[in-house]
Amino acid sequence: MIEVTRLNDTKLLINSDQIEFVEETPDTVISFLTGKKIIVKESRQEIQNLVILYKKKILSDCLTIREQPYS
């Protein structure tokens, strides 16, 4: 999950796997696979970077767990 900020400054966590696309119109609009849309303060590039960092962390955690010797 990634944290984004709505225009009213409330923070919210969203499931990055459910993002269909992100557009700047000029506000950043995140569209989900469900058809729901939200407007956030972060730029399209910031959203992309957050998703990449989140996925890197997930993969890194998986590799760390896998590399530990079995008991």
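Predicted model: local features only at pLDDT ≥ 70, side-chain atom pairs only at ≥ 80, totals over all residues.
**Overall dimensions**
- The radius of gyration of the protein is 15 Å, whereas a compact globule of 71 residues would have a value near 11 Å.
- Taken along the principal axes, the box filled by the C-alpha atoms is roughly 50 × 25 × 20 Å.
- Of the 71 residues, 23% count as buried, and the protein exposes about 5,400 Å², of which carbon and sulfur atoms supply 55%.

**The sheet**
- Strands of a sheet pair through backbone hydrogen bonds, either parallel or antiparallel.
- Here three strands, in the order S3-S4-S5, form an open sheet with antiparallel pairing.
- Strand S3 (19-24) and strand S5 (37-40) stand at the edges and have a single partner strand each, so one side of each is left without a neighbour in the sheet.
- On average, and with direction ignored, neighbouring strands of this sheet are turned by 20° against each other.
- Strand S4 (residues 28-32) is joined to S5 by four bridges, and isoleucine 30 has isoleucine 38 in S5 as its bridge partner.

**Threonine 5**
- Threonine 5 lies in strand S1 (residues 2-5), and it counts as buried because its relative accessibility is 7%, where buried means under 20%.
- Its side chain makes a polar contact of 3.0 Å with the side chain of lysine 11.
- Leaving aside residues up to four places away in sequence, threonine 5 touches Thr10, Lys11, Ile39, Val40, Lys41 and Glu42.

Technical notes
Residues numbered from 1 in each chain as written. Heavy atoms only, no water. Pairing = 2+ DSSP bridges. Helix = DSSP H or I, 4+ residues; strand = E, 2+ residues; numbered from the N terminus. Axes fitted to C-alpha atoms, helices over the stretch in contact; angles between N-to-C directions. Buried < 20%, exposed > 50% of the residue type's maximum accessible area, 1.4 Å probe, protein only. Polar contact = N/O pair within 3.5 Å; in protein donor to acceptor, adjacent residues only side chain to side chain. Contact = heavy atoms within 4.5 Å. Rg over C-alpha atoms; globule rule 2.2 N^0.38 Å. Areas by Shrake-Rupley, 256 points an atom, 1.4 Å probe, with all protein chains shown as cover.
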